[in-house]
Amino acid sequence: MANFETVVVETDLLILGGGMAACGAAVEAAYWAKQNGLKVTLVDKAAVDRSGAVAMGLSAINQYVGLRDGANTVQDYVNYVRNDLMGITREDLVANIARHVDSTVHLFEKWGLPIWTDENGAYVHEGRWQLMINGESYKVVVAEAAKNALLASGVGEIFERVFIVGPLMDGDRCAGAVGFSVRENKFYTFRAKATLVAMGGAVHVFKPRSSGEGMGRAWYPPWNSGSSAYFTIQAGAEMTCQEVRFIPVRFKDAYGPVGAWFLLFKSRATNSQGGDYMVERRPELENWAPYGRVKPVPANLRNYLGMLDIMAGKGPIYMRTEEALGKIADAYKDDEKAYKKKMRELESEAWEDFLDMTISQAILWAATNLQPEERSSEIAAAEPYFIGSHSGASGAWVSGPEDLQTPETKAEYFWGYGHMATVKGLFCAGDASGASSHKFSSGSHAEGRIAAKEAVKFILDHNTLPKTDAAAIEALKAQILKPLDVYEQHKAGTTDPEINPNYMKPRMFMFRLQKIMDEYAGGITAQFTTNEALLKRGLELLAFLKEDSENLAAADLHELMRCWENMHRMWQAEAHVRTVLFREETRWPGYYFRADKPKMDEEKWHVFANCKYDPEAGSWEMLTRPILHVFPQGG
Ligand code: SFD
Ligand code: AMP
């Protein structure tokens, strides 16, 4: 076996990840740890300052309820999320995040994040729930607060560039995690009383639109590779909404987000013949009632109407940037100077929107001489992503807060500690926790804070370090480092290390996974359409892929990380295919279409489709859980 030092770290609370949820968890945990004499350890595969989805920054905070202004109620937000997810959502979780998210946003502002304000000092809204920010340093600001909280208070420690592979278990309790450094030959064993998973969502499980020279460009970050899902699945936690992948409509080829264009600039999107699919295809929405009738139209249905135009040969679809900016500036048309000034202001806002969060989109505009005030840009449905914090919902099935439960929901949604998975001592937040979409960057941070506080409660009630088995850890170490050994053993067998009959490099492995998912589970080339026969065949091919994963090879630590990223993706893929197969209806056209079950079945499938892997038996269990309302009018 490769020569690796084993480092053992013992702690009270282990926070996995260094993104929005993890930084929220760090701030909250540091406070409670200090009160109670506890230690907190945070582990990130990258550098917290620029890790995760917010690495490049963001130009908006997408969840702000505005409770202090009386703008909205928590229930308004719950209604919005429930409708957007076609009825499938945990109201208790969404409400818990919604009632705390504003305070997180106020903290961001206190820490130095510039939030746009108008002449009266009020926040500038992009839409009802979204605030505009100067967000190129968003992650740095949030990371600084987390680092200060952990390090300055002396309660914490941070490990950067340590890749977490999977859980350590003590029977039915999570006992910590194992991983390795991506810079030094070190294998890490983290032993903890409670573990908080916040390692983001999963990208590149499906074949992306950007392949070949464009490979690596994606809307969500390619370095979020399903580690949260793998961790919770392998710990034996019940998972939820694994079928709910998110397909965002984005500016084509560089994935610039559309929110600012639709909401702030009030742009239309039209097809090549000038038709507006949101108007022309409105009757289609009746087929998806009652959700098709709500405002705003659910994200998947907005996608779907555009896709119908594409499938009818009316593409490309264009974001009418020139029309939108022109319309806003029109109010100044009688004063040439004021008009020019307004146009310059709009132009810089348009560029800043991308320079703040998707720099590649601004580069593509520059490279193709595109001036948004003069010419439209193509938009398209991207590839599927697994992201429980945006408009998808996949993640672990977690306990809700006690005070929001009704007697009926309490039996189903509450088991002692908020945001704890069905495994003792295992907490989840952000993309890692399911059925509570639309938390975005701010809600993920808020959920991290909530989950950390609950985890501290758990630690105080279970104040012993779970047992770990030295032999089991050695076996895990050998399994995790095996790709390095496979490479060493066989590398001399061919002249090109990429091609070898005895092993597979992670890049090839990923392409194979993406091909299976694309063709059988409804990816871009299948126009997001699948059926039972395709899914079953996909599962067969995934089983072969899993067998072949034994032959993964890594030439160095970087490739070892790539191997495990792809293992993580593969498990996320399997949970997805099994759940799409299990839910015998089409509920989210625009995200996926089951051609053999082309309609929504409210009677049978107005439920959560959950799954659970038994690591001992190596088998999956599929189950449903009821949708119950915590707000009186529900439904
Ligand atoms: O415009 C391991 N998001 C948006 N949110 C907003 O509030 N406003 C926006 O404007 C948003 N938009 C947007 C967004 C994301 C992206 C990429 C773009 C645009 C281009 C969504 C939010 O960013 C998202 O909801 C949150 O960041 C989710 O938070 P969290 O904590 O669940 O995930 P993370 O921040 O990505 O952090 C993950 C961390 O885990 C680490 N990690 N560490 C150790 N071992 C492993 N194996 C690990 N695997 C991962 C990562 O390094 C990272 O620290 S818009 O499109 O809507
Ligand atoms: P996006 O840039 O697509 O990620 O969207 C940012 C935010 O705006 C999210 O909260 C979206 O749900 C919302 N959003 C985007 N487009 C629309 C639209 N056409 N109507 C309503 N909300 C939208």
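Buried means under 20% relative accessible area, exposed over 50%, and partly exposed in between, with a 1.4 Å probe and protein chains only. The strand covers residues 40–44, and five of its five residues are buried. In a regular strand the side chains alternate between the two faces of the sheet.

This is a predicted model, in which local features need pLDDT of at least 70 and side-chain atom pairs count only at pLDDT 80 or more, while totals for chains, interfaces and linings use all residues. Residues are numbered from 1 along each chain as its sequence is written, chains are lettered from A and ligands numbered from 1 in the order in which they are written, and side-chain values use heavy atoms, with hydrogens and water left out. Helices (H or I, at least four residues) and strands (E, at least two) are DSSP runs, numbered from the N terminus.

Strand β1 (residues 5–16) pairs with β2 in the parallel sense over four bridges, and I15 stands opposite L42. Strand β5 (residues 156–160) also pairs with β2 in the parallel sense, over five bridges; here L42 stands opposite I158. Two strands pair if DSSP finds at least two bridges between them.

Now move to an open sheet of four strands, with the order β10-β13-β12-β11 and antiparallel pairing. Strands β10 (249–251) and β11 (269–270) stand at the edges with a single partner strand each, so one side of each is left without a neighbour in the sheet. Within this sheet, select β12 (residues 317–319) and β13 (residues 377–381), which pair in the antiparallel sense over three bridges. Y318 stands opposite E378 in β13.

Which helix holds T232? T232 is found in α5 (residues 227–234). T232 is buried, with a relative accessible area of 0%. Leaving aside neighbours within four places in sequence, T232 is in contact (heavy atoms within 4.5 Å) with V197, A237, M239, A396, L426 and C428.

Finally, display the whole chain. The protein chain has 18 helices and 19 strands, and 61% of its 635 residues count as buried. Along its principal axes the C-alpha trace spans about 80 × 60 × 50 Å.
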